[in-house]
Amino acid sequence: MAVTETDIRKIADLARLSLGDEEVPAMTAQLNSILAHMDVLTRVDTASGTEAGSDAITSAIALARDVKSAGAPLRGDAVAPFPMNATAPMLAPDSEDGFILVPRLSTHEDV
Amino acid sequence: MTDWSQKYEMVVGLEVHVQLKTRSKMFCGCSADFGAPPNVNTCPVCLALPGALPVINAEAVRLALRAAIALDFTINLQSVFARKNYFYPDLPKGYQISQYDEPIAVRGTLRVRTPGETATHDIAITRLHMEEDAGKSVHDRYPRKTAIDLNRAGVPLIEIVSEPDIRSAAEAGAYLRTLKQILEYAGVSDVSMEEGSLRVDANVSARLHGATELGTKTEVKNVNSFSAVERSLQREFERQCAMLDRGEVVRQETMIWDASRGTVRPARSKEESHDYRYFPDPDLPPLILDPDYVARLRHTLPEMPRQLRQRFATEFGLNDAELDAVTAESSLAAYFEGVARAHGDANAAAKWMMGELAAALNETGTGIRDFPVRAPQLAELLDMVRDGKLSHTAAKGVFATMRSSGKSAPVVAAEMAVTQVGDDSQIEQWIEEVFAELPAETSRFRAGEKKLTGVLVGAVMKKSKGRADPKKVNALLSKVAG
Ligand SMILES: [Zn+2]
């Protein structure tokens, strides 16, 4: 599996990264070398006793699928306020009037 | 302006987000109340702190199921919550918990009648799924900053996605109004666009009449009323038709409705470049429903607007306009039924509700639930009108005082001294006095000049300060003339 320069531009767009034209060839080469390593990994025999699934997400998905018979636990609709301040400096570096402040989004620069 | 609808057909699909009426959020115990100070209703779960785990709110599931049953959906006894990944400052987790390929309900329908048309149209609804809301971003409050309020983050929603079955802006409006009415009857949401508990995204495309393939669609956003949905769809349809007619290609993009200008413009951000990388949420096992529970819910669903309308038509003999008015909301319908049963004359009840009551609700901006005059009290007022104890005009004044004082109709009528007099001897006495005051008219009247009846009735009414029952006055006068 390999990616093209078009793929790189598309991925950068989805990740909201601005990638200069001059960076695209290097990015393409780097990502392809990572993917080449993945190809090596897929050839490892995991069926015969090896600890499978170092990928935590993959195993968690499998777990979610397996507990079908039990189903998700539910809770009653009770309000239980949690004693914490979401705008405390340790959680939110910048706040005012109870709002958490972040740099103005580029899509709303001229509001 | 060109009437494009002669040549092109409008094709619309609607995505409606509805906030469920729960006390707490979808996956945590934070209050779901609207209007608290910013970021007060937050906790480790909805702030996405490490180690916090979501637990599904059973009441949200119950309300989603009620909505699904009311809209004739097929319920999936197993559904799965997935992570919809995207980055935005008002989404602390970096993903929204939503349902993707296994939603709680599929294949619903909504029967819609567009105003001015006699036939109904069944609109197919693809799916109904549960999800959590994101927080709120305020862009215009502080210079160069975006303000984030996470009170709404994690509030339970259902999303109802229609098939592209809608064929006009008016039909889109009818779909939304009918949907809102059913959800209000089912008691699942406040369904208020003003307060954001109902939000609409519309997909629209245009194609030549008779074409079988769908045209390229655009999504219209930023619509905050049903009439804005209708107007924005019409504008966007016209824009697409004009492009197609010039041989241009419609681009798939998001259009923003500008209510003040009445126009649509393309969104600046490339909203279409999304890849949400959905996968089942490892924190949430599948939601498994007990079939008996679903069956029980089916039986506890209250009467829906269509059944209620049918029943009111047969039981009370109301016409279409009266039915529209008294079944608009479930609470109005219950109020009407209370008045009609206690009073006995359903038409008088409907007439009063469409006239005086509607005007009063409009004036105060309150809903019927908070209206001070309750159904039995209104019935008592209507009884007095029917029994000739109050004229219709006097009843209006009594009604106004009942609203402000909370007192009953007989008490208010007595205090205002407007109770109609139907007592023969009292009316005869007034007539004698009028005869004495107007001797010329009286002798001509006695001689058979019937056209003077009006003058004499008027004089008696004036003498009684409007309290004499005009029917009785007429009857007693004609006895004298006879
Ligand atoms: Zn919370």
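Reply: Four strands make an open sheet in this predicted model, in the order 2(A)-3(A)-10(B)-9(B). The pairing is antiparallel.

Take the chain A end next. Strand 2 of chain A is joined to strand 3 (residues 99-103) of chain A by two bridges. These two strands run antiparallel. For A:E96, the bridge partner in strand 3 of chain A is A:F99.

Now the backbone spots. Most residues other than glycine have a negative phi. B:A48 is not a glycine, yet its phi is positive, near 65°. Look for B:A48 in the loop of chain B that runs between strand 1 (8-19) and strand 2 (56-57). A buried residue would need 20 or more, and an exposed one 12 or fewer.

B:D72 is another spot to check. Its phi is positive, about 60°, and B:D72 is not a glycine. B:D72 sits in the chain B loop between helix 1 (58-70) and strand 3 (74-75). With 16 C-beta neighbours inside 10 Å, B:D72 is therefore partly exposed.

Notes:
Residues numbered from 1 in each chain as written. Chains lettered and ligands numbered in written order. Predicted model: local features only at pLDDT ≥ 70, side-chain atom pairs only at ≥ 80, totals over all residues. Pairing = 2+ DSSP bridges.
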